[in-house]
Amino acid sequence: MPRDGERRSANPVVAGMLDDSALRRETSRFSAGERIFTEGEPGRSVYVVRSGRVELLLDCARHRAIRIHLAGLGEVIGFVSAMTRAPYNKTAVALEDTVLDRFNANDVARFFAEQPDRHLEALRFLSADANAMRRLVADAKRDQHAHPSHTR
Amino acid sequence: MSSPYELRIIESCATCKLREDRLFCNLHGEALAELDRLKFSTSYPADAVLFREGDAPQAVMVLCQGKVKLSVASSDGKVVILNIAEPGEVLGLSSVISGHPHETTAETVEPAQVTVIRHDDFLKFLQRFPEVSVHAARELSEVHNRACAELRLLGLAQSVPQKLAVLFLQWNEKAPANLRGRLKLSLTQEELGQLLGTSRESIARALSQLRHRKLISVQGATLQILDEPHLREFAGV
């Protein structure tokens, strides 16, 4: 059963995780500016945003970071790492005071591996994520082409 | 066996010597036998379109040999190259899984061999073999990671010559050991511009600058890295 104040996510991956009572979760709270995880760290947890917003950043050289996405209510973060058993590929920082549902990454990977239908949902999620990243690359290249002065 | 495009065709995935180095097709046992049963191989000359942006996905294609550029066009017709796919990469995977039209156009930049698995066969293959599903997840994660690497390169806001230097160093790292230092330049200056988000003229100036600094030389379609340590220093990596 959804918890009080929790909306059922339109994302089937998140809905599947939240609806399954066997998948243990705990609440994690982060203050504005607090780091949730760092790119390169082992992907031990998957989070779903219950309130607040989370910035997903890509670290560049020379202490610069690019904002890739702003995750809000019902969005999942750390899922790619869980599904591929790889380190986090982005840094997540709470943009404001934020409450997250935290799941164990191994439990999540097992949950989606157990049933082919669930795994297909997970692959659809990863496909959408990969396409979104490609669109970001295309936009960035178009922007640089249109505004060459942005490039030193 | 050779093909019209001077490729040494890989007939079977089971006997493919390159399979173990590849993320998706490094399957085993029954899954590998099923892949060989489902797939068919085909070869293409350079500049052949495998699928176009907006097309309904018909099949998943594993690139066995050659290189394929993945591009998108804006409404005003400007083309941006997102990635140059290398052997082992799977083309059309996200579209087949999501059921949405292709978001990119895939076009060979040199003769290529691809292994084709039809849409419905591939989805059944995924459902039947968890190993295939895990490999597909890794491949999609790689698409994501390649996009991250591209964004990092763009986000560094380097000069065009520096970006070009980074690109050549990345190609050099990916090249087989015996070919490092001497790379086949399969892309035109226009295409290099589309790949790096700049104009053909800026690429021409950047190549000239790298040559002038004696970091590279270009003869015909061969790019030679003359001084890798200084090229790295110049690129800032």
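A:Phe111 is buried, at a relative accessible area of 6%, where buried means under 20% relative accessible area, exposed over 50% and partly exposed in between, with a 1.4 Å probe and protein chains only. A:Phe112 is buried too, at 2%. This is a predicted model, in which local features need pLDDT of at least 70 and side-chain atom pairs count only at pLDDT 80 or more, while totals for chains, interfaces and linings use all residues. Residues are numbered from 1 along each chain as its sequence is written, chains are lettered from A and ligands numbered from 1 in the order in which they are written, and side-chain values use heavy atoms, with hydrogens and water left out.

Over all chains, the structure holds nine aromatic pairs; rings of Phe, Tyr and Trp (its six-membered ring) pair if their centres lie within 6.5 Å, and planes under 30 degrees apart count as stacked, over 60 as edge-to-face and the rest as tilted. A:Phe111 and A:Phe112 make one edge-to-face pair, with 5.0 Å centre to centre and 90° between the planes. In chain B, B:Phe125 and B:Phe129 are also edge-to-face, at 5.6 Å centre to centre and 70° between the planes. B:Phe125 is buried at 2% relative accessible area, and B:Phe129 counts as buried at 10%. Back in chain A, ring pairs join A:Phe30, A:Phe37, A:Tyr47 and A:Tyr88 into a cluster.

B:Leu35 sits in helix α1 of chain B, residues 29-38; helices (H or I, at least four residues) and strands (E, at least two) are DSSP runs, numbered from the N terminus. B:Leu35 is buried, with a relative accessible area of 2%. Its C-alpha atom is separated by 9.6 Å from that of B:Val132, 97 residues apart along the chain.

B:Lys69 lies in strand β4 (residues 68-73), and B:Thr105 has its place in strand β7 (residues 105-108). Is the lysine at B:Lys69 buried or exposed? B:Lys69 counts as buried because its relative accessibility is 10%. Its side chain is joined to that of B:Glu191 by a polar contact of 2.5 Å; such a contact is a pair of N or O atoms within 3.5 Å, where within protein one must be able to donate a hydrogen and the other to accept it, and residues adjacent in sequence count only if both atoms are side-chain atoms. Leaving aside neighbours within four places in sequence, B:Lys69 is in contact with residues including B:Ile81, B:Asn83, B:Thr105 and B:Glu191. B:Thr105 is buried at 13% relative accessible area. A polar atom of the B:Thr105 side chain lies 2.9 Å from the backbone nitrogen of B:Glu53. Among the residues that B:Thr105 touches are B:Val49, B:Phe51, B:Glu53 and B:Lys69.

B:Glu191 belongs to α6(B), where B:Glu191, B:Leu192, B:Gly193, B:Gln194, B:Leu195 and B:Leu196 are buried. Just after α6(B), B:Gly197 takes a positive phi of about 70°.

The last topic is the interface of the two chains. Here 46 residues of chain B are in contact with 38 residues of chain A. The area buried between chain B and chain A is about 3700 Å², of which carbon and sulfur atoms give 60%; buried area is the accessible area (1.4 Å probe) that two parts lose on being put together, summed over both. In chain B, the most area is lost to chain A by B:His144, B:Leu151 and B:Arg152, together 17% of what that side buries.

Three salt bridges are found across the interface, each defined as a side-chain nitrogen of Lys or Arg within 4 Å of a carboxyl oxygen of Asp or Glu. The side chains of A:Lys141 and B:Glu150 meet in a salt bridge at 2.7 Å, N to O. Between chain B and chain A, 13 residue pairs are in polar contact, both at pLDDT 80 or more. On the side of chain B that touches chain A, the largest share, 17 residues, comes from α4(B).

Terms used. Contact means heavy atoms within 4.5 Å.
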